[in-house]
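Dear colleague,

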Amino acid sequence: MKIVKTIDEVRSQVRQWRAQGLSVGLVPTMGYLHEGHASLIDASHRDNDRTVVSDFVNPMQFGPAEDLESYPRDIEHDARLVEEHGGDIIFNPEPEEMYHKGFSSFVDMTVLTQELCGLSRPVHFRGVCTVVSKLFNIVKPDRAYFGKKDAQQLAVIRHMVDDLNMDIDIIGCPIIREDDGLAKSSRNTYLNDDERKAALVLSKAIFLGMNLVRKGEKSCDVITGSMKELIEAEPLAKADYVKIVDCATMQQIESIDRPALCAIAVFIGKTRLIDNFFTEDV
Ligand code: AMP
């Protein structure tokens, strides 16, 4: 397992693999890897001869008031995890390697980014689409792996690949949770003990919503209303959004009459966490 810092090195390694007829999987991450990331690496290792894990805190997807500076980083730990899970390369570029002086091209998306995190984080998906396009052009993988934890991101990437005729299979992987239900996230490390307890309100709200859907509740207002009530009862929590959207368009719907995504973003103190479920999966 190699840590690679430059685009040229990644390209030359991938070229060698291709010359041997090997398939390549890509797992894009921002590092500080946990079992959620590991499940994506496992899936890529299973499906492909070689796996590249990108480990890059992408400045372009952070808004000015967000946590770019404080985002946790630990490349040694990440390297161990990637090695243990059968990854072959960690691509860990400096921002200047990805965005040279004079960088001025972007990939952006309209409809799918108007709701949920796109609404709360206006520059976010432009940054995500741009960096993922760059990673796709650098690695040219057969398959790329994304977690359902970031469900809107997964939908946006699938849509981008389809719109722009990128010849890459996008594989969505299930959400990995802590034993008590909290979805694993690099940002969980920001939480102090009280906040960690309070953060359970996210998965509790998700399980409540799932149960209502399972019992046949169709009204999105009823489902999101119950979830909001539960979140508001936790003093350290403040809901950013609790919404149900059409899976294909990411536009809000009133009734569960098609495949839908129920997504939440909640501030626990200053830390913004997300969670979700697909109505088809309940
Ligand atoms: P990040 O490093 O947070 O940008 O995440 C990199 C990839 O890992 C994204 O595709 C995420 O959806 C995925 N991921 C992060 N946390 C989890 C989790 N708890 N379960 C499954 N996938 C995850």
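Helices (H or I, at least four residues) and strands (E, at least two) are DSSP runs, numbered from the N terminus. The model is predicted, so local features need pLDDT of at least 70 and side-chain atom pairs count only at pLDDT 80 or more, while totals for chains, interfaces and linings use all residues. Residues are numbered from 1 along each chain as its sequence is written, and side-chain values use heavy atoms, with hydrogens and water left out.

The ligand is surrounded by 17 residues (a heavy atom within 4 Å), and His37, Gly147, Asp150, Ile176 and Lys184 are the closest. At least two residues of this shell come from each of β2 (24-29), α2 (35-47) and β5 (143-147); α2 gives the most, with three.

A polar backbone atom of Lys184 is 2.8 Å from a ligand nitrogen atom. The protein buries 93% of the 480 Å² that the ligand exposes when taken alone (Shrake-Rupley method, 1.4 Å probe).

Turning to the strands, β8 (residues 260-268) has eight of its nine residues buried (under 20% relative accessible area, 1.4 Å probe, protein chains only). Tyr241 has Ala265 as its bridge partner, and Ile264 has Asp275. Two residues separate β8 from β9 in a hairpin, where Gly269 has a positive phi of about 60°.

With kind regards

Note on methods
A polar contact is a pair of N or O atoms within 3.5 Å; within protein, one must be able to donate a hydrogen and the other to accept it, and residues adjacent in sequence count only if both atoms are side-chain atoms. Buried means under 20% relative accessible area, exposed over 50%, partly exposed in between (1.4 Å probe, protein chains only). Two strands pair if DSSP finds at least two bridges between them.
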